[in-house]
Amino acid sequence: MAAMIRFILGLLGGAITTYLIGTAANSQFVMNAHGVPIAWGDRFNMMMFDISNMVPYLVIIAVSFLIAFLIAALLKKIFPNLAAIAYPIAGAAAMGTALGLMYIVFQTIPISGARSTLGFLAQMIAGGLGGWVFGKILTANKSRISKAKIQS
């Protein structure tokens, strides 16, 4: 039961991390695409507007992460040497796959800041960071228990 709760909390933590970083990056890439100077206050306002209004993107991220992290958990059992990097790689791959599927379905990427190569990579990096957060939350109690056993 505790493992399931950690998994759900990790999934939410990773998805929210990716959403915040990815949406903030999206806002900056969109504004930079116009080639005009934009004040920092306006950049911040647009970023906060996007964060508060792109919630369907959060759902897409969460579903993508659910699939990717379940696959990563299985692969970790087969390839134990990948354990430390499995979830960040899965998070990055989930973002790349989700954006690719959006392109197939819509013939464009609705996350307009991800239409450039750098913007796409920024979304994948955000996914990798979300995967890292997921892994940290998933193993948080396990590492404390291991340390306690070593100390006693």
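## Overall architecture

The predicted protein contains six helices and zero strands. Read from the N terminus, its elements follow the order α-α-α-α-α-α. Along the principal axes, the C-alpha atoms occupy a box of roughly 60 × 35 × 25 Å.

## Packing of α1 and α2

Helix α1 spans residues 2-33 and helix α2 spans residues 40-53; their axes come within 9 Å and cross at roughly 130 degrees. The two helices are therefore oblique to each other, and the crossing of α1 with α2 is right-handed.

On the α1 side, the contact involves Tyr19, Leu20, Thr23, Ala24, Asn26, Ser27, Gln28, Val30, Met31 and Asn32. Their partners in α2 are Arg43, Met46, Met47, Asp50, Ile51, Ser52 and Asn53. Sorted by class, this contact holds eight nonpolar, seven polar and two charged residues.

## Packing of α3 and α4

The axes of α3 and α4 cross at roughly 135 degrees and come within 8 Å. This angle makes α3 oblique to α4. The handedness of the crossing between α3 and α4 is right-handed.

From α3, the residues in contact are Tyr57, Ile60, Ile61, Ser64, Phe65, Ala68, Phe69, Ala72, Ala73 and Lys76. They meet Ala86, Tyr87, Ala90, Gly91, Ala94, Met95, Ala98, Leu99 and Met102 of α4. The contact of α3 with α4 comprises 16 nonpolar residues, two polar and one charged.

## Packing of α4 and α5

Helix α5 covers residues 117-138 and packs against α4 at an angle of about 140 degrees, the axes being 6 Å apart. The crossing of α4 and α5 is right-handed.

Within α4, the contact is formed by Tyr87, Pro88, Gly91, Ala92, Met95, Gly96 and Leu99. The α5 side contributes Phe120, Gln123, Met124, Gly127, Gly128, Gly131, Trp132, Phe134, Gly135 and Leu138. By class, the contact of α4 with α5 consists of 10 nonpolar and seven polar residues, with no charged residue. Tyr87, Gly91, Met95 and Leu99 of α4 take part in the contact with α5 and also in the contact with α3.

## The largest pocket

The largest pocket has a volume of about 360 Å³. Its lining is made up of 20 residues, and those nearest its centre are Ser64, Ala68, Ala90, Ala93 and Ala94. Both α3 (55-78) and α4 (86-106) supply at least two residues each to this lining.

Note on methods. Residues numbered from 1 in each chain as written. Predicted model: local features only at pLDDT ≥ 70, side-chain atom pairs only at ≥ 80, totals over all residues. Heavy atoms only, no water. 1 Å grid on protein atoms, 1.4 Å probe; cavity = no way out; pocket = protein on both sides within 12 Å on 5 of 7 lines; lining within 4 Å. Points joined across faces, edges and corners; volume = space filled by probe spheres on them. Helix = DSSP H or I, 4+ residues; strand = E, 2+ residues; numbered from the N terminus. Axes fitted to C-alpha atoms, helices over the stretch in contact; angles between N-to-C directions. Left-handed = near helix turned anticlockwise from the far one by under 90°. Contact = heavy atoms within 4.5 Å. Nonpolar A, V, L, I, M, F, W, Y, C, P; charged D, E, K, R; others polar. Parallel < 35°, antiparallel > 145°, perpendicular 65-115°, else oblique.
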